[in-house]
Amino acid sequence: LLNFWATWCLPCVKEMPDLDALEANLGSDDFKVVTLSEDRAGLKKVLPFFKDRELDNLDAFIDIKGRVFKAFGGRGLPTTYLINKESMIVGALIGPYEWDESEAVALIEYYIDK
């Protein structure tokens, strides 16, 4: 699951605990939540954010110049892509979502098992 976000994006901030819980619940060799920050200040902004909110299950990745976001055709934050084992995008969502909801978990488990 690839999530583009930023510390200044209120909907992004709201969904980060759910993404952290999703990684804690499903994270494995077969599934990973990757949160890619669009903060121009980079890790000096993102690492304290993770620490303050106790996002202990997520790794901090940054896309300072927005190149990855642009390559994915990003239009707004948060934007999330579900990518299967063949590196194909099988789902996309612009906007926040409650990632610990049973429907989201079931969809992700489907692609993990597929």
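Guide: Before we look around, one term: Ala, Val, Leu, Ile, Met, Phe, Trp, Tyr, Cys and Pro count as nonpolar, Asp, Glu, Lys and Arg as charged, and the others, Gly among them, as polar. This is a predicted model, where local features need pLDDT of at least 70 and side-chain atom pairs 80 or more, while totals for chains, interfaces and linings use all residues. Residues are numbered from 1 along each chain as its sequence is written, and side-chain values use heavy atoms, leaving out hydrogens and water.

Visitor: Thanks! By class, what does the lining of the largest pocket have?

Guide: The lining has 10 nonpolar residues, 2 polar ones and no charged ones. Among the lining residues are Leu1, Tyr81, Gly91, Trp99 and Ile108. A pocket here is an open set of points on a 1 Å grid over the protein atoms alone, where a 1.4 Å probe fits, with protein on both sides within 12 Å along at least five of seven lines; lining residues have an atom within 4 Å of a point.

Visitor: Which helix and strands each supply at least two residues of that lining?

Guide: Strand E4 (79-83), strand E5 (89-94) and helix H4 (102-113) do. Helices (H or I, at least four residues) and strands (E, at least two) are DSSP runs, numbered from the N terminus.

Visitor: New topic: how many helices and strands are in the chain?

Guide: The chain has 4 helices and 5 strands, in the order β-α-β-α-β-α-β-β-α along the sequence.

Visitor: And how much of the chain is buried?

Guide: Of its 114 residues, 41% count as buried, meaning under 20% relative accessible area with a 1.4 Å probe, protein chains only.

Visitor: What does the C-alpha trace span?

Guide: About 40 × 30 × 25 Å along the principal axes of the chain.

Definitions and conventions. Buried means under 20% relative accessible area, exposed over 50%, partly exposed in between (1.4 Å probe, protein chains only).
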